[in-house]
Amino acid sequence: MSARSTAYSVGESSTWTKWIAAVLVIGYALVAMIPLVWIGMTGFKSPPDSIAYPPKVFFEPTLEGYVNLFTTRSRQTDEYIESLGPPETWYDELVRERNMVITGPSRFADRYKNSIVIGFGSTFLAVFLGTLAAYGFSRFKVPLKDDLLFFILSTRMMPPIAVAIPIFLMYRELGLSDTALGMILLYTAVNLSLAVWLLKGFVDEIPREYEEAAVVDGYTRFQAFYKVVLPQMRSGIAATAIFCLIFAWNEYAFALLLTSGEAQTAPPFIPIIIGEGGLDWPAVAAGTTVFLLPVVIFTVLLRNQLLRGITFGAIRK
Amino acid sequence: MSGGAMESVADAAARATPKRVAGRLRGLSDRAIAWLFISPTIVLLLAINIFPLLWTVYLSFTNYRANQPGREVKWIGTRNYERLLGSEDVWGYMQATAHFLVWTMVLQVIIGLGLALLINRGFRTSGFWTTVILIPMMLSPAVVGTFWTYLYQPQTGIFSYIINTFVEVGALNMIGSVSLAPWAIVIVDTWMWTPYIMLLCLAGLRSIPPYLYEAAEIDRANALQKFWYITLPRILPFLMLAVLFRGIENFKMFDMVVELTSGGPGSTTELASINLKREAFEKWRTGYASAFAVILFVTVFGLASIYVKALNRVRS
Amino acid sequence: MRKIGTFVATALLAAGAGAANAQDKELTLCWAAWDPANALVELSKDFTAQTGIKMNFEFVPWTNFADRMLNELNSGGKLCDLMIGDSQWIGGGATYGHYVKLNDFFDAEGISMDDFLPATVYAYSTWPKGTPNYYALPAMGDALGWVYRKDWFERPEIREAFKAEYGRDLEVPTTWVELKEIAEFFQGREIDGETRYGAAIYTERGSEGITMGVTAALYPWGFKYVNTPGEYDMEGAVNSPEAVEALEFYKSLYDCCTPPGHSDAYMVANLDAYKSGQVAMQMNWFAFFPGIAKDEVVGGDVSGFFVNPGQNIEASTLGGQGISVVAYSDKQDEALQYIKWFAQPDVQAKWWELGGYAVHVDVAGAPDFPDSTPFAGEFLKAMDGVQDFWQEPIYAELMLAMQKRIHDYVVAGDGTAKEALDKLIEDWTISFEDDGKL
């Protein structure tokens with residue numbers, strides 16, 4: 001990224017304009033990071049510190065938010081708590097300081113697991129089907145090709161809530177409501193349109209001569225596809241997969257309307273983490289951090305594929 | 001979790017076609033392979049996108065309610081549409097949506113283009129900072145909306161606190177005040193999505209061959225002229241594309257705003273999609289909501305088509 | 001660090017185990033996530049011990065409760081075997097067949113509805129209203145009440161200041177006008193070096209918050225939904241001069257005497273405002289009062305409780321729920337077994353002890369009940385004058401219309417109170433026409 005940006009820099013930027021540019025860009029980046037850093041910090045605050053005025057920058061860190069995130073608790077009287085004997089674990093101790101007793105695990109771990117299963121499941125399917133379709137569209141004469149491609153893209157213009165109405169009715173009939181399979185199919189369909197467009201662009205870039213040479217060497221068309229074309233598409237597939245995964249990971253509207261107890265993912269769950277008798281901001285912040293962190297790490301590690309996907313996808317369309 | 005994991009997707013896709021199947025496929029004609037490859041996608045999109053769309057259109061002419069299965073479904077012609085288009089409230093939601101759409105686009109284009117031009121100066125570590133700036137757009141909008149409610153708390157929130165360290169304006173009630181709430185959602189969206197516009201502008205800037213500037217240099221063009229006659233025309237298609245995609249997304253906006261304001265105070269931030277959700281999944285007026293959905297779809301489609309025409313003219 | 005690892009692993013394992021080791025007999029009970037739900041988990045341990053049936057719980061926060069659970073019922077979901085659904089759902093639950101009718105079961109098991117407070121049977125169990133067709137057992141009585149900072153009300157310097165300003169003693173308000181004066185008195189006042197505010201009232205937009213709050217003012221002013229019971233003639237009732245006055249009053253209370261940013265507040269936000277010492281009074285459901293009385297900061301003698309003040313008449317907004325068996329459940333027999341167990345007087349007594357509002361006459365009708373806690377007596381007073389929102393099958397639609405009209409007027413300041421109520425009648429008329437009632 002950095003190598004490229006210097007290579008294409010415009011004109012002869014003098015040293016001091018570079019300095020001003022650097023200061024402004026870094027300044028924007030730092031300001032843009034404040035909300036995220038603040039949320040990360042709030043996860044380690046105690047509930048009273050999280051609503052202190054003025055906002056506390058320095059505080060005594062505690063894991064209460066994380067404990068609250070993963071457990072359900074109930075408020076008890078002092079006598080009852082004393083009757084339980086000494087706390088067995090550090091998290092029992094932490095909770096008892098607030099006159100509470102842990103009654104069990106919370107649903108967060110379940111929701112997180114659902115997010116992983118549905119996210120990866122739908123990404124795999126969308127990329128798999130998308131690769132095949134992209135190759136088909138790129139290499140073969142398909143009747144009404146342009147219409148089909150346009151139709152595939154136009155499905156993304158529907159507001160998700162509008163799509164959710166008939167899907168809700170359909171899933172109710174088919175028994176797919178609140179199932180991981182239903183969500184995987186739905187996310188696959190939503191992601192497919194983007195996947196096909198992105199991947200078709202990547203296939204178009206691979207010269208046909210490679211396959212033709214392979215066919216001359218005795219490969220069938222099919223072998224040529226998976227032994228010659230597919231390896232060339234790797235980075236394109238990776239970029240596409242990242243996009244599909246991020247969409248499925250972040251999706252909220254369908255998850256809210258079509259799942260409840262079984263297949264609910266993390267996004268509809270995080271806003272409703274409440275503590276006993278009050279909104280538990282440290283637990284919300286902890287949940288947010290645990291949920292967002294993989295995406296942040298992903299973004300930093302895979303930035304080149306990401307950038308390729310975003311710009312390439314947009315320009316192709 | 002780096003490239004390796006991702007590459008395995010490709011491997012897996014290859015492996016998912018076992019030898020025996022491949023052998024059977026050997027004799028297939030190109031045409032057969034083409035259909036074999038394309039049809040699963042078409043079938044899935046038909047089942048989960050097109051069939052539902054047609055069903056929605058049908059439902060929009062009925063009085064169907066999804067929560068009353070036993071009730072007789074009556075064809076009521078265009079009554080749902082008449083009600084929608086004659087409703088003052090619906091126009092209010094459309095106006096709220098338009099305010100959100102226009103201002104997010106204006107702010108994001110200005111800031112995004114500015115950032116892209118600065119980054120393109122190519123200072124050291126600009127790659128790293130670009131990545132940092134990108135982070136907000138990768139996050140879940142619903143979760144972003146949730147934690148911004150915390151940042152926006154008038155008394156204890158950091159947003160009001162930071163503003164007050166610069167200008168004494170008192171506790172800022174961003175979500176609760178009628179005049180500020182429409183801007184509260186614009187600010188969060190701008191925070192999230194400016195990087196996207198910036199990125200596409202960067203792609204545009206990098207597509208400009210350096211010799212154009214060298215030629216301008218010889219003609220003694222000043223910086224403003226260079227920007228106006230070389231940079232802007234070249235990046236305009238990129239910028240317009242970015243606005244198209246963001247515009248469509250923001251017209252459909254639901255998740256971030258519903259978690260941030262849930263449409264309030266009153267109905268000041270009740271965007272079209274938020275009201276659609278209330279009608280469809282809280283009031284369960286399925287027929288009426290379907291008509292609303294169709295109207296929204298037609299509007300996006302119409303606006304986007306006009307826009308694409310303009311875009312093509314710019315491109316050529 | 002290792003400790004944290006173990007902790008996360010334990011949480012994950014426990015979550016996984018719940019799904020993996022599905023025992024033969026288990027039930028899922030769905031309710032809102034709040035204090036009484038935790039008490040019910042505690043109480044239900046006895047049921048599991050007696051019958052070997054494992055209890056699972058699905059608790060959803062109030063602001064999402066109706067939305068989520070009605071969605072679940074409407075999609076014919078099997079998540080919940082038992083549903084402690086809100087009082088307004090009973091019409092839909094009965095009419096659309098979400099709930100199992102319990103009459104035969106009650107007769108067979110000798111459970112009599114006369115053993116429960118009449119107001120709760122009427123509100124939580126019957127459909128059509130008041131007929132002996134039961135779709136739920138009253139599980140939890142509740143009404144909207146008030147909590148106040150007793151410690152502040154008792155301070156001599158505060159009492160003097162109040163008397164100087166209003167010419168009467170600072171006591172628990174008995175009318176809304178008095179309540180507003182007290183709120184005005186505390187608004188912006190410095191106590192112990194911090195700025196305090198008058199009252200935390202309901203203003204939530206998304207689910208039912210502001211409607212529950214505003215009806216607490218409307219009912220005491222004499223508001224009625226219809227002119228003739230059983231008919232749907234709302235003109236002149238919903239927008240009566242009393243209703244307009246009450247609505248204007250609620251807005252003036254919102255404008256004068258709430259903490260800054262209190263524009264989208266329901267139960268949790270009010271609790272937060274109260275517990276953090278921001279306000280002198282909060283409106284909230286009685287369900288939270290046991291938790292407040294036990295709270296480490298505002299519990300004990302710090303807080304007092306009072307019934308919703310009257311104005312033209314004495315009246316309170318009804319809360320509370322009945323417990324129903326979901327018609328889509330495969331485990332209806334076990335679910336009925338739970339209801340049978342729950343209806344027993346000794347279980348009901350323990351329910352009250354743990355913080356649930358039992359409405360069995362042996363508990364709530366007992367002579368020592370009013371003095372058993374600082375709020376029990378106020379609770380009985382409230383239950384004498386409770387009124388509920390529409391319980392029609394299309395209640396959700398009626399509720400959302402009211403949420404919009406009231407929030408537009410009270411919080412956003414659009415139009416006048418009369419206009420808001422007139423528009424509300426228009427909305428409701430359309431809804432009833434669509435439903436074939438008009």
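Colleague: Which residues of chain C go to domain 1 and which to domain 2?
Modeller: Keep in mind that this is a predicted model. Each domain of chain C is written as two stretches: domain 1 takes 22-142 + 319-387, and domain 2 takes 144-317 + 394-434.

Colleague: How far apart do the C-alpha centres of those two domains of chain C lie, and how many residues does each give to the contact?
Modeller: The C-alpha centres of domain 1 and domain 2 of chain C are 27 Å apart. As for the contact, domain 2 of chain C puts in 28 residues and domain 1 of chain C puts in 26 residues.

Colleague: Which element gives the most to the side of domain 1 of chain C that touches domain 2 of chain C?
Modeller: Several elements of chain C supply at least two residues each to that side of domain 1, among them helix 2 (35-51), helix 4 (90-95) and helix 17 (376-384). By class, that side of domain 1 of chain C holds 12 nonpolar, 9 polar and 5 charged residues. The top giver in chain C, with 5 residues, is helix 3.

Colleague: Why is chain C called as compact as a globular protein of its length?
Modeller: Chain C has 19 helices and 13 strands. For its 438 residues the globule rule gives 22 Å, and the radius of gyration of chain C is close to that, so it is as compact as a globular protein of that length, at 22 Å.

Colleague: How many residues of helix 18 of chain C are buried?
Modeller: Start with its length: helix 18 (residues 395-410) of chain C has 16 residues, which at 1.5 Å a residue should span 22 Å, and the end C-alpha atoms are 22 Å apart, so the two agree. Helix 18 of chain C is also mostly covered, with a buried count of 16 of its 16 residues.

Colleague: What do the buried residues of helix 15 of chain C pack against?
Modeller: In helix 15 (residues 345-354) of chain C, Gln348(C), Trp351(C) and Trp352(C) are buried. Down the helix axis, the buried residues of helix 15 of chain C fall within an arc of 95°, so they line one face. An α-helix has 3.6 residues a turn, so residues three or four places apart point the same way. The packing partners in chain C are helix 2 and helix 16 (361-364).

Colleague: In chain B, which helix gives the most to the side of domain 1 that touches domain 2?
Modeller: Chain B is assigned domain 1 (21-79) and domain 2 (82-315), with C-alpha centres 32 Å apart. There, 12 residues of domain 1 of chain B are in contact with 10 residues of domain 2 of chain B. The biggest giver on that side of domain 1 of chain B, with 3 residues, is helix 3.

Colleague: And where chain B touches chain A, how many residues of the chain B side are nonpolar, polar and charged?
Modeller: That contact takes 101 residues from chain A and 91 residues from chain B. Helix 3 (residues 30-59) of chain B gives the most to the chain B side, with 15 residues. By class, the chain B side divides into 62 nonpolar, 20 polar and 9 charged.

Conventions: Residues are numbered from 1 along each chain as its sequence is written. Chains are lettered from A and ligands numbered from 1 in the order in which they are written. This is a predicted model: local features need pLDDT of at least 70, side-chain atom pairs count only at pLDDT 80 or more; totals for chains, interfaces and linings use all residues. Domain bounds come from an automatic or database domain assignment. Two residues are in contact if their C-beta atoms, placed from the backbone, lie within 7 Å. Helices (H or I, at least four residues) and strands (E, at least two) are DSSP runs, numbered from the N terminus. Ala, Val, Leu, Ile, Met, Phe, Trp, Tyr, Cys and Pro count as nonpolar, Asp, Glu, Lys and Arg as charged, and the others, Gly among them, as polar. The radius of gyration is taken over C-alpha atoms; the globule rule is 2.2 Å times the number of residues to the power 0.38. The expected span of a helix is 1.5 Å times one less than its number of residues. A residue is buried if 20 or more other C-beta atoms lie within 10 Å of its own, exposed if 12 or fewer, and partly exposed in between; C-beta atoms are placed from the backbone. The arc is that of the directions from the helix axis to the C-beta atoms.
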